[in-house]
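This briefing goes through a two-chain model by topic. Please read it alongside the sequence and the coordinates.

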Amino acid sequence: MILLAATSGTPVAWLVARAAGLVAFGVLTLSVTLGLALSTKLLGNRRGKLVLGWHQTLMWTGLGMVVLHIAGLLLDPVLRFGFVAVLVPGTAPWRPIPVAAGIVTLWLMLALASSFHVRRQIGQRRWRLLHYASSLAFALGLYHAINVGSDLTGNRGLIFAGIVLAPVLWLAYARILMPRQKPRKTPARPAPVATQPPLADVGDVGTSVTA
Amino acid sequence: MRTIWATVLATWALFAVLAVLAWTRPQPATTQQAVPQAVVVKGKNGKSSIVVVKASASSSHATTRTSPVAAG
């Protein structure tokens with residue numbers, strides 16, 4: 001089918017690049033939504049492990065779609081993007097700033113997806129700090145999609161932004177407002193039995209000193 | 001298993017979007033039908049006359065070579 005389309009003059013690489021870009025952003029949105037749902041514990045603690053698994057898997061799936069998006073751009077005979085232009089921010093010959101936003105999103109996604117596997121090595125605190133970059137990746141991805149994507153111009157872009165932003169913003173708002181879970185307190189140990197002398201004796205000592 | 005499911009679903013989504021994009025792709029403009037044109041030509045004696053130019057069926061392209069101007 002693809003071969004048939006290629007021989008009939010259909011710009012297959014260009015269509016694949018556009019479709020993969022849209023699917024990549026959809027999958028990234030889903031992953032971010034699941035991550036926020038996980039941190040707000042809206043889905044309950046019981047489903048946490050399952051949601052975490054899907055959150056990670058979708059991040060890698062989104063990256064796979066981004067790779068396909070880049071491959072489509074490299075193979076397109078009209079655009080003529082080079083390897084450097086699609087991997088180094090600011091080097092693209094066409095709309096360098098929105099394209100750079102997309103490239104930064106790619107690198108951030110790669111760092112975030114890899115961070116799941118080195119979580120123990122880098123520590124929970126650093127992992128959490130790095131995870132805050134996911135909101136930046138999402139914002140840059142949306143900016144890239146609306147400003148570069150030829151399918152999201154005008155009202156279509158606004159509708160798309162509204163659809164993808166609504167769940168993410170709602171969950172982020174819930175996450176900010178939700179009180180943080182306090183660390184579990186260990187049950188207080190019973191106080192050791194006092195071996196102090198009775199008060200009357202203390203008083204006696206005092207009086208003996210002052211006297 | 002989860003990875004396989006995610007890959008399958010993403011691939012289906014890709015094909016679905018691809019089909020929509022290919023379906024809604026603007027088709028290249030069809031070649032314009034040849035329409036005869038009327039041109040006002042001034043003769044040697046200064047008399048203007050209307051000449052109907054029969055349009056040819058072949059597509060119009062800019063020529064790369066112009067005819068030499070007749071001397072005199």
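The notes below cover confidence, the fold of each chain, a few local features and the contact between the chains.

The model is predicted, and the predictor assigns the complex an ipTM of 0.70 and a pTM of 0.69. Chain A has ten helices and zero strands, while strands S1 and S2 of chain B pair in the antiparallel sense.

**Confidence**

- Chain A has a mean pLDDT of 80, with 80% of its residues at 70 or more.
- Among the elements of chain A, the highest mean pLDDT, 93, belongs to helix H5 (residues 96-115), and the lowest, 39, to helix H10 (residues 199-210).
- In chain A the pLDDT is below 50 over residues 197-211, a stretch that has one contact in the model beyond near neighbours in sequence.
- For chain B the average pLDDT is 73, and 65% of the residues score at least 70.
- Residues 58-68 of chain B have a pLDDT below 50, and beyond near neighbours in sequence this stretch also has one contact in the model.
- Where pLDDT is low, the predicted coordinates should not be read in detail.

**Fold of chain A**

- Read from the N terminus, the order of elements in chain A is α-α-α-α-α-α-α-α-α-α.
- Chain A has 211 residues, of which 30% count as buried.
- Taking contacts in chain A between residues at least 6 apart in sequence, 66% join residues at least 24 apart.

**Helix H9 of chain A**

- Helix H9 of chain A covers residues 155-177, and its 23 residues should span 33 Å at 1.5 Å a residue; the end C-alpha atoms are 32 Å apart, which agrees.
- At A:Leu165 helix H9 of chain A bends by about 35 degrees.
- A proline, A:Pro167, follows within four residues of that bend.

**Surroundings of A:Phe81**

- A:Phe81 sits in the loop between helices H3 and H4 (83-87) of chain A.
- Is A:Phe81 buried or exposed? A:Phe81 has 20 C-beta neighbours inside 10 Å, and the cut-off for buried is 20 or more, so A:Phe81 counts as buried.
- Leaving out residues up to four places away in sequence, A:Phe81 touches A:Leu73, A:Leu74, A:Val86 and A:Ala92.
- A:Thr91 lies ten residues from A:Phe81 in sequence, and their C-alpha atoms are 9.9 Å apart.

**Hairpin of chain B**

- Strand S1 (residues 37-42) and strand S2 (residues 48-53) of chain B pair in the antiparallel sense over six bridges.
- Within this pairing, B:Val41 is opposite B:Ser49 in strand S2 of chain B.
- The two strands form a hairpin with five residues between them.
- In the turn, B:Gly46 has a positive phi of about 85 degrees.
- Strand S2 of chain B lies largely in the open, because zero of its six residues are buried.

**Contact between the chains**

- Chain A contributes 16 residues to the contact and chain B eleven.
- On the side of chain A that touches chain B, helix H2 (12-40) and helix H3 (48-75) each supply at least two residues.
- Helix H2 of chain A gives the most to this side, with nine residues.
- By class, the residues on the side of chain A that touches chain B are ten nonpolar, five polar and one charged.

Notes
Residues are numbered from 1 along each chain as its sequence is written. Chains are lettered from A and ligands numbered from 1 in the order in which they are written. This is a predicted model: local features need pLDDT of at least 70, side-chain atom pairs count only at pLDDT 80 or more; totals for chains, interfaces and linings use all residues. Two residues are in contact if their C-beta atoms, placed from the backbone, lie within 7 Å. Ala, Val, Leu, Ile, Met, Phe, Trp, Tyr, Cys and Pro count as nonpolar, Asp, Glu, Lys and Arg as charged, and the others, Gly among them, as polar. A residue is buried if 20 or more other C-beta atoms lie within 10 Å of its own, exposed if 12 or fewer, and partly exposed in between; C-beta atoms are placed from the backbone. Two strands pair if DSSP finds at least two bridges between them. pLDDT is the predictor's confidence in each residue, from 0 to 100. The expected span of a helix is 1.5 Å times one less than its number of residues. The bend at a residue is the angle between axes fitted to the seven residues ending there and the seven starting there.
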